[in-house]
Structures are given as structure tokens and as C-alpha cells.
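Please have the sequence and the 3D view open as you read.

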Amino acid sequence: MPEKLKILIFPDPRLRKVAKKVTKFDKSLKKLADAMLHTMYDANGIGLAATQVDRHLRLIVMDLSENKDDPRVFINPTYKILDNHSLYEFEEGCLSIPGFNELISRPDKIDLKWQDLDGNEHNDKPEGLLTVCIQHEIDHLEGKLMVDYISSLKRDRIRKKIIRDFKRK
Ligand code: NI
């Protein structure tokens, strides 16, 4: 059974670190990806970035399938926006911001590049949910959170509520 990792919760400052590029495609990288997938499934999430488990590498795991049987791993992902005017609005959630969903608009025409666990390069122009999800997760690798897209007033309210809730536990 893979290890279950602790997910950092907003406003933990470690969520603001910028992740480093993966250069070693070894066994420990596979082990981390497995542990992240296990952690993501356990938390009922659809995506998780290494930053969220306090490992500052450019590694993302995701499963957007209905039956939770399509685990995907994206290493060193980057994207180019192909059309700034074509937007996809989606109510996003985040395992690091439990209990909150926010409607966020992101470009939906992107050209995505990434590597797999063996270091092979891939390229795709995704559609639908994957397009916005991968942008949300790549933001994590840059130390950026979905609450950065909403008003500071609203963000502050979320921060206070989460701090209060987690003190009570
Ligand atoms: Ni997130």
C-alpha cells in the first residue's frame, strides 16, 4: 500500500513555494507519484500537485474519470494559451482549501506539454475538464492558488474560516 501523505492547508506558506523541475526519473519519483495518487483518491480529489504534499517538484497527479480508474501523472508540465478569448468557466475546488468552491474562468484552448514517469515527452491540446484542471494544478507548482483569482475580501473570509475550523479539530 502506498504511503498516505499530509496535504497542506491554505494559508500554509509552504503552498507558496515554487516547485523545481524534475530531472531524475527514478524509483523514488514513481514512489512519490503512487503516494500522491493514493492520497488524492483517499481525499476524494481529482487532482493533486506535489506542492500540496510539501514536495516541491514539478509533478501532478490526476484522475478525471467517473470510476476513478484512470490515474494520470504529469511531470514538468507547461502550456501555451492558444486563444485568450475562449474561456471555460468551472466551479473549482481544491484539497488545500477544504469546503470551498469558486467559479473561475480560464482559457480553454491550450497546448500542453509534459513528461511521463520514464521521462518521455508528450504533447496534447486537451478539452473540457482536463484543460482547466491542469491549469489549476500547474498554478500550485508556481505557488499560486485558486483563491488568488477572487477578491481579497472573499479570500480573507475563507482564510479566517479555515483557520477557525482547523483550530477546533
Ligand atoms: Ni488545488
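Which residues of α1 are buried? In this predicted model, the buried residues of α1 are Leu 29, Leu 32, Ala 33, Ala 35, Met 36, Leu 37, His 38, Thr 39 and Met 40. They pack against three strands: β1 (47-49), β2 (59-62) and β3 (72-81). Helix α1 covers residues 27-42, and its 16 residues should span 22 Å at 1.5 Å a residue; the end C-alpha atoms are 22 Å apart, so expectation and model agree. After α1 comes Asn 44, which has a positive phi, near 60°.

Now to the metal site. A nickel ion is coordinated by Cys 94 (SG), His 136 (NE2) and His 140 (NE2), at 2.1 to 2.3 Å. Along the chain, these donors follow the spacing C-x41-H-x3-H. Cys 94 has 11% relative accessibility and so counts as buried, the cut-off being under 20%. His 140, at 1%, is buried as well.

Finally, a look at the aromatic rings. The model has 2 aromatic pairs. One of them joins Tyr 88 and Phe 90 in a tilted arrangement, with 6.4 Å centre to centre and 40° between the planes. The accessibility of these two residues is listed here.

| Residue | Relative accessible area | Class |
|---|---|---|
| Tyr 88 | 26% | partly exposed |
| Phe 90 | 26% | partly exposed |

Notes
Residues numbered from 1 in each chain as written. Predicted model: local features only at pLDDT ≥ 70, side-chain atom pairs only at ≥ 80, totals over all residues. Heavy atoms only, no water. Donors = N, O, S within 2.8 Å, 3.2 Å for Na, K, Ca; no water. Buried < 20%, exposed > 50% of the residue type's maximum accessible area, 1.4 Å probe, protein only. Helix = DSSP H or I, 4+ residues; strand = E, 2+ residues; numbered from the N terminus. Expected span 1.5 Å × (residues − 1). Contact = heavy atoms within 4.5 Å. Phe/Tyr/Trp six-rings, centres within 6.5 Å; stacked < 30°, edge-to-face > 60°.
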